[in-house]
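Visitor: Hi! Could you walk me through this structure, one bit at a time?
Guide: Happy to, let's have a look together.
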Amino acid sequence: MKNAKLIEKLRKLIKNRNNIDEEHIEKLRKVLRKLKKRQHKLADERQEAQNDHDRQKIDQEIEVLKLQRKKGVEIYKQLKKEREEFS
Amino acid sequence: MLGRIFLPLLTLMLAYGFWASTSFKDIAAGVALFLFGMLCMEQGFKAYSGGALQRVLSASTDRLWKSMTFGIVSTTLMQSSSLVSVITISFLSAELIGLRQGIGIIFGANLGTTTGAWLVAGFGLKVKLSTYALPMLVFGVLLLMQASKKLKGFGWILVGIGFLFLGIHYMKEGFAAYSEQIDLTQYAMTGIAGLLVFTLIGSVATVIMQSSHATLTLIITALAVGQISYENALALAIGANIGTTITAILGAIGANVAGKRLAGAHLIFNVVTGLVALLLIQGLVAAVDSLSFWLGIAADNHTLKLALFHTLFNLLGILLMLPLVNFLVTWLERRLKEVKVMRDKPRFLSEASLSLPQVALQAVTKETKHLFSNAFTLIAHGVCVRRSSIVSTDDLQLLVDAPGKVIELDMDAQYERMIKDIYSANIEFLSRAQAEASHEYADALNALRLANMDLVGAIKAVKHLRKNLLHYMQSRNLDIRREYNRFRVRIAEVLRSLAVLRETDDTVVALLSLDQIRVEILEGENRAAKAADRLIRGGHVTPQMATSLINDGAYVNEVIQRLLDMNEQLHRAELSHGDPLHEELALKAEEIANIAKYAGTIR
């Protein structure tokens, strides 16, 4: 009986952990989509930029977004891998 | 409209007056010196507020009879009721005494000034104010150079009185040229007509000469040689009493509403006293004759009898007005109201919202955004960029080359109006909310507290920056002008980015967007530092400009960093508790530095 209770507790813990991971992955996915959308929009704005100063500013922002997305993608892949290992 | 044309019109009139007449120049300079002397004295008295002077004043003026005694004694010693009136207005403006005490001093001063007539009539003493002015200025300036605040304050008072004396002296010198035209012997008149006309002449002469003492001296001298009749001399003395109020009114120009009220009280007292003296002149003349007999004054000694008359009618005025002092105070406070400055108040905080932590958090978040909105305007205008330009798509880089347009702003006053009450309310609310909050809300509430403090820190840094900014953004030195304009543009661009960020609905995305602003900030700092080095090495700016540039660059960095931190804290407060997403994606300091370093080469 004791063992059954212990196993049940362990199952719940894993389920909760998976739920948290699911929530986290979903949030990350949303943020990455928004960052990607923002990056494409900036690329279009760059075409219409009037001067070097504006173009440089847009380039910097694109660079920042690229780095943030790169980190986000790495974390996303790591989380997915962990989730697959647990299931 | 009227305000815009008044100054140019006055300037033109003064310029014409200076060209047309040397006497006019002396008079105008006298008025300017007089008003400047008042400002110096106010400055001086403020150094003593709360200290020994306030205790002396409180002890010597806490009752009406004490105030009157103070007025009598000080006017007798200084031989100028105008000066005592002006000093009293200064005391009142600096809030060292109240209106009731001030009125008591004015009553006493009117009585004290009559001792002058006694001195002139009895002993023929004459006081030349200019004799005292120059030594006062010398000693005053000497004391101004001392480190002690009290000595500096006393120095300001001496300098102020010196300028007052000098001002009165120049006014008298200037008016002396005109006073020769006032030839009283040709205008002797009797009866009521004589009474009214000579009262008017006495008033006008005193207004012109700015001293009832001077007018009385003239009257006594003329009376002594029989150039004017005793009857006309009495009327002139009454007129001089009324005309002397003009000095007090002039003194009230630079004063606050309390000073204006006292000038009003002075005017009312003197006019009422004058009217009563005119109505009861026969009775007063009879009283003077009786008292003269009792005092041993000869019946034909008109000069001393004039002095006695002057004392009697002022005493009568005091006896009449004393019971009405409280009424006068109330009436003046009602008629001359202090202009209340509208202050922005908190909109979202309430006692009820403290009861639920989630509601409390939302309320103080909204209030912090309200504070940010006000601070946005204050910071924008502090660096002389219109808020409307920042929130538009105007190219801010166009501000770099042209001389900056000053936005007139009293930052301290605006801080009091727009920031202080909301900030104070937020901090109080946060303290109370944090005391009750669970761990889940503690981080968010703390973040909001830091956000509020960062906002105020940014405003204070702008205040420091503004001192040199106003000067250098209009400098004829193109290099320094450009650098200071770049300071303005950097702050404006950060404000613009933060305004755009406010519209982002996703808190994590908004926080991540701060990384881009961090890159721009670092790039701006690097560029400014390089520019300062280049300008110094190339000798394009003076060493003084260079140090200002470096110090003010630090203030700019502080403003921007505080604004950034403020926004970060505000967004953090909106994040779910324990959400690590932002931390995972945000760039590290070295990554930001790399992007900033290679600005212009990315692509």
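Guide: One idea to start with: the expected span of a helix is 1.5 Å times one less than its number of residues. Helices (H or I, at least four residues) and strands (E, at least two) are DSSP runs, numbered from the N terminus.
Visitor: How far apart are the end C-alpha atoms of helix H16 of chain B?
Guide: They are 28 Å apart, which agrees with the 28 Å that the 20 residues of helix H16 (residues 302-321) of chain B should span at 1.5 Å a residue. Before we go on, this is a predicted model, where local features need pLDDT of at least 70, side-chain atom pairs count only at pLDDT 80 or more, and totals for chains, interfaces and linings use all residues. Residues are numbered from 1 along each chain as its sequence is written, while chains are lettered from A and ligands numbered from 1 in the order in which they are written.
Visitor: Which residues of H16(B) are buried?
Guide: Among them are B:Leu306, B:Phe309, B:Phe313 and B:Met321. Buried means that 20 or more other C-beta atoms lie within 10 Å of a residue's own; with 12 or fewer a residue is exposed, and in between it is partly exposed, with C-beta atoms placed from the backbone.
Visitor: Where does B:Arg343 lie, and is it buried or exposed?
Guide: B:Arg343 lies in the loop between helix H17 (325-335) and helix H18 (357-382) of chain B. B:Arg343 is exposed because it has 12 other C-beta atoms within 10 Å.
Visitor: What does B:Arg343 touch?
Guide: Not counting residues up to four places away in sequence, B:Arg343 touches B:Glu416, B:Arg417 and B:Asp421. Touching, or contact, means that the C-beta atoms of two residues, placed from the backbone, lie within 7 Å. B:Arg343 and B:Ile419 are 76 residues apart in sequence, yet 8.5 Å apart in space, C-alpha to C-alpha.
Visitor: And what about B:Ala188, where is that?
Guide: B:Ala188 is in the loop between helix H9 (149-179) and helix H10 (191-209) of chain B. It counts as partly exposed because it has 13 C-beta neighbours inside 10 Å. Leaving out residues up to four places away in sequence, B:Ala188 touches B:Ile228, B:Ser229 and B:Asn232.
Visitor: New topic! How many residues are in the largest nonpolar core?
Guide: There are 79, and B:Ala375, B:Ile379, B:Ala458, B:Ile491 and B:Val559 have the most contacts inside it. A nonpolar core is a set of buried Ala, Val, Leu, Ile, Met, Phe, Trp, Tyr and Cys residues joined through C-beta atoms within 7 Å.
Visitor: Which helix gives the largest share of this core?
Guide: Helix H21 (residues 439-472) of chain B does, with 13 residues. As for B:Ile491, leaving aside neighbours within four places in sequence, its contacts are B:Ile379, B:Val383, B:Val556, B:Val559 and B:Ile560.
Visitor: Last one: where is confidence lowest and highest in chain B?
Guide: Confidence is lowest in helix H3 (residues 52-61) of chain B, at a mean of 62, and highest in H21(B), at 93. Those values are pLDDT, the predictor's confidence in each residue, from 0 to 100.
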